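Please look over the sequence and the model shown here before reading on.

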Amino acid sequence: GTRRAGEPGTVGFDQIRPGDCLDQLPDTSDIDQVPRVACEDPHDEEVYTIVDLGDGPWPGAEAVNARAAQLCSITAEPFLGVSAEATELVLRWYQPVEEVWNYGDNTVLCIAADPSGKTTGSLRDSRR
């Protein structure tokens, strides 16, 4: 079943669901809150999937980043309708830092964004 996207407002990463739309975060690594907006309103990013990197000891930021890149690329195609290689959109992700990982959150938020600016509505099946 589909989970309803969350209500707009600033929320923790653990409250984000696939299909949520976000305004872009300031470029810093230690944010724990993210501005969620209604997808029908202009927004910077759409969370198209959340992947779990599995349990185990902290593998290091580079390993987490590499695995996140791989999984977010694989899962982009069913969502967008084009491959990660072919899309004109920017694919990004929010990955756990060591502290969060050790707390038990091993999830990565995979995000699609339009490099030319904000979008309105969903990018699902946009074939872009």
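A nonpolar core is a set of buried Ala, Val, Leu, Ile, Met, Phe, Trp, Tyr and Cys residues joined through side-chain atoms within 4.5 Å, where buried means under 20% relative accessible area, exposed over 50% and partly exposed in between, for a 1.4 Å probe and protein chains only. This is a predicted model, in which local features need pLDDT of at least 70 and side-chain atom pairs count only at pLDDT 80 or more, while totals for chains, interfaces and linings use all residues. Residues are numbered from 1 along each chain as its sequence is written, and side-chain values use heavy atoms, with hydrogens and water left out.

The largest nonpolar core has 19 residues, and the members that touch the most others are Y48, L80, L91 and V108. At least two residues of this core come from each of β4 (45–52), α1 (61–80) and β6 (107–113), and α1 gives the most, with seven residues; helices (H or I, at least four residues) and strands (E, at least two) are DSSP runs, numbered from the N terminus. Not counting residues up to four places away in sequence, V108 touches T49, I50, V51, L53, A68, C72, W93, Y94, Q95 and P96, a contact being heavy atoms within 4.5 Å. Another core, of 10 residues, lies apart from the largest one, and V11, I16, V47 and I111 are among its members.

Three aromatic pairs are present in the structure. Rings of Phe, Tyr and Trp (its six-membered ring) pair if their centres lie within 6.5 Å, and planes under 30 degrees apart count as stacked, over 60 as edge-to-face and the rest as tilted. Y48 and F79 form a stacked pair, at 5.4 Å centre to centre and with 20 degrees between the planes; Y48 belongs to strand β4 and F79 to helix α1, 31 residues apart, and both Y48 and F79 are buried. W58 and W101 form an edge-to-face pair, with 5.8 Å between centres and 70 degrees between the planes. Because W58 lies in the loop between β4 and α1 and W101 in helix α2 (residues 98–103), this pair ties together parts that are 43 residues apart in sequence. W58 counts as partly exposed because its relative accessibility is 22%, whereas W101, at 6%, counts as buried.

The histidine is H43, found in the loop between β3 (33–37) and β4. H43 has a relative accessible area of 1%, so this residue is buried. Leaving aside neighbours within four places in sequence, H43 is in contact with residues including C21, L22, D23, V37 and K118.
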